[in-house]
Amino acid sequence: MNYERCVQINFILFANNYELFLYLCNMKRIKTGFLYYVFATLLLAVIFGSYIIGDSLVSSMDFMGWLFFLTSCLAHAALLVLVLFLLFYLPWALLRLPRLAAVLFVSTTSLLSMVSFVNMQVYKIYRFHINGFIMNLLTGPGAGDIFDFDTKLYLTEGAMLVGILSLCIVLWFLASRMAGSCRKACLMGSTMFFIGSLLVANGLYVYGSFVMRPAIVKSARLVPYYFPLSATGFLRDLGFERKVLEIDGDLAGDGDLNYPLHELRVDTSQSKRPNVVFILIDSWSRRALTEECMPNLWKLAHEERWYDNHVSCSNGTRYAVFGLFTGVQPYYYSVFEASRTSPVFIDCLIGQHYDFRAYPSATLRAPDFRRILFHRLSDLRTDTEGDTSFERDLRIKDDLIADLPKLKNSEKPFFAFIFFDLLHAYSLPKELLNRFQPSWEYGNFSVLNNDMDPTPFWNLYRNSAYQTDKMVGELIDAMKAAGLYDNTLVYITGDHAQEYNENHKNYWGHNSNFSTYQIGVPLIVHEPGDSVPQHFTHRTTHYDFVPTMLHDYLGVQNPIEDYTAGRLLSDTTQRLWHFVGNELRYAFLVEGDTILTKEGAGYVEVTDAKLNPVENYHIKPKAFNEAMEQLNRFFK
């Protein structure tokens, strides 16, 4: 088919569709419904816009932020009401059932508007929109323990909802009266206005999320269940350089965060701080820490402090590393990213003149930890040369060993962060796959299923773990040979774990559930001058790293609640309602390791520790309320 023929066909299709549009515009009942669609969209947009009233974000909004927020409210409302128009009005109107169409459209629009208004109240309390947790509370016993409102408040809220319902009905009669005099140009103009708002909102978010403009990124969180277009990866692939907007010091951290709650008070009387080596192993499963698989770390665990009930704060690298270095839940990830807030741990290292060294196998630019966590460290190493993760792991191990004499002779204490990647990438040469057999040569994810024998895949992982163990063993031996080990604090843990269908639910790898097999990681700690082996079985978490460092070693005098969601590693009290996940999909671990997972769609899935469904589970309202207060306490 030639080009001219294609143009002719497209013109005919456009002309026919346009004629259909004109025909529909001439039908009064269709015009009435479309006018009501316009009025209902404006009403819902006003409700969405009111979410920002009284929010601390107002103080940091600029022109572009306001333009994005207002067009987002309008575009999101237009899309939601359009769904109602297409489902509950247009089909029935075309079937010549105008009364039924009117009742359905007005009823569903009223319900959407009232739910949006109620959701605003929920958001102002909990900083998230209505989801399965809230619905579980409302439908479960004891809801009055948390929603204890007086009669006046019930009457006020009821009056507001009746007012919204009445307004929705009035708007229908207004649309009916205006339909006869409404011209096609008016309908076309309204349509183009909504489409323009959609394009402007998404265009601004593509720009704002690429350069991390705070007013845009932060305000998107206010609009309920709104997911604007982001094209960061696509723009990078096209060759655009991500030049993140620099933020003035007065603005950094403004708008949403109140972190730390109070300015840190640091005892500077201690003349020398300990050196710190933080060894992070990507995808390190507890099951791999055995004498056969990882003999060096197995021996070290029995010589030092071994925490064998340690859990991550996420099942993926991005949010797990964030929780480790900030001490707060990944729920705050985008707020930290947008406000360019530096973790207090990094601030303390800088304030106490630590020499911070990073040895990453995978790049620190994807995820962009360089910008999110370490932006105050201007000369930080972010990349390592090597074709495979195995080659890069060897290089970062050798580089840190080569730097040890210089670090020892420095007058400054040092913090060395080394991040091994082999357990995540399975990039071993064939000649190193012989220790555990049978073994795959690579991760053949296409053949995974619930009935297959995981042994070859698991042995590939164990062969990789064995080589990682050799590297860590060489590093520890080099520290001892350099005379650094005895006066250096050493942490060895994983960002998250790696599942091999242990629960027999066809889960493999990570980032898919919050069972122990994806968040349970080893933790081995060597303390300076401490040579007494200790084995701890109480629950510890990734959030505990920051408070233990600041309180025990960096001289911070504040209560740990001022700057972290964690506790001291030595604290044996229960870590109930442990938050794990990210902003959109997260879970709480509660009594008996029951997992309450809030899925992205908003519903709650309740399972036991082995991912078996727990029927008729009702969240305890008081415990939930306390957990939410703790989760949100670093918001203004």
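**Pockets, cavities and helix packing**

Helix α12 makes the greatest contribution to the lining of the largest pocket, with 3 residues. Here helices (H or I, at least four residues) and strands (E, at least two) are DSSP runs, numbered from the N terminus. The structure is a predicted model, in which local features need pLDDT of at least 70 and side-chain atom pairs count only at pLDDT 80 or more, whereas totals for chains, interfaces and linings use all residues. Residues are numbered from 1 along each chain as its sequence is written, and side-chain values use heavy atoms, with hydrogens and water left out.

The largest pocket holds about 1,100 Å³ of space. Its lining comprises 36 residues, of which Tyr205, Arg221, Ser334, Glu583 and Leu584 are the closest to the centre. At least two lining residues come from each of α7, α9 (232–237), α11 (317–326) and α12 (333–339). By class, the lining has 18 nonpolar, 7 polar and 11 charged residues (Ala, Val, Leu, Ile, Met, Phe, Trp, Tyr, Cys and Pro count as nonpolar, Asp, Glu, Lys and Arg as charged, and the others, Gly among them, as polar).

The second largest pocket contains about 490 Å³ of space. It is lined by 23 residues, and Ala565, Arg567, Leu576, Trp577 and Gln630 are the closest to its centre. Two or more lining residues are given by β12 (578–581) and by α20 (621–631), with α20 giving the most, at 5 residues. This lining divides into 10 nonpolar, 7 polar and 6 charged residues.

Pockets and cavities were defined on a 1 Å grid over the protein atoms alone: a cavity is a set of points where a 1.4 Å probe fits but cannot get out, a pocket is an open set with protein on both sides within 12 Å along at least five of seven lines, and lining residues have an atom within 4 Å of a point. Grid points are joined across faces, edges and corners, and a volume is the space filled by probe spheres set on the points.

By this rule there are 2 cavities of 30 Å³ or more. The largest cavity has about 70 Å³ of space, and its lining consists of Phe278, His310, Leu324, Tyr491, Thr493, Leu523, Thr541, His542, Asp544, Phe545 and Leu569. The second largest cavity has about 60 Å³; residues lining it include Val311, Phe514, Arg539 and Asp593. Its lining has 6 nonpolar, 2 polar and 2 charged residues.

Helix α7, which contributes to the largest pocket, also packs against α3 (residues 63–94) at an angle of about 130°, with the axes 8 Å apart. Axes are lines fitted to C-alpha atoms, for helices over the stretch in contact, and angles run from 0 to 180 degrees between N-to-C directions. Helices α3 and α7 are therefore oblique to each other (angles under 35 degrees count as roughly parallel, over 145 as roughly antiparallel, 65 to 115 as roughly perpendicular and the rest as oblique). Contacting residues (heavy atoms within 4.5 Å) include Phe68 and Leu79 in α3 and Phe194 and Tyr205 in α7. The contact of α3 with α7 has 15 nonpolar, 3 polar and no charged residues.

Helix α15 (residues 389–409) packs against α17 (residues 455–481) at about 5°, with axes 10 Å apart. This angle makes α15 roughly parallel to α17.
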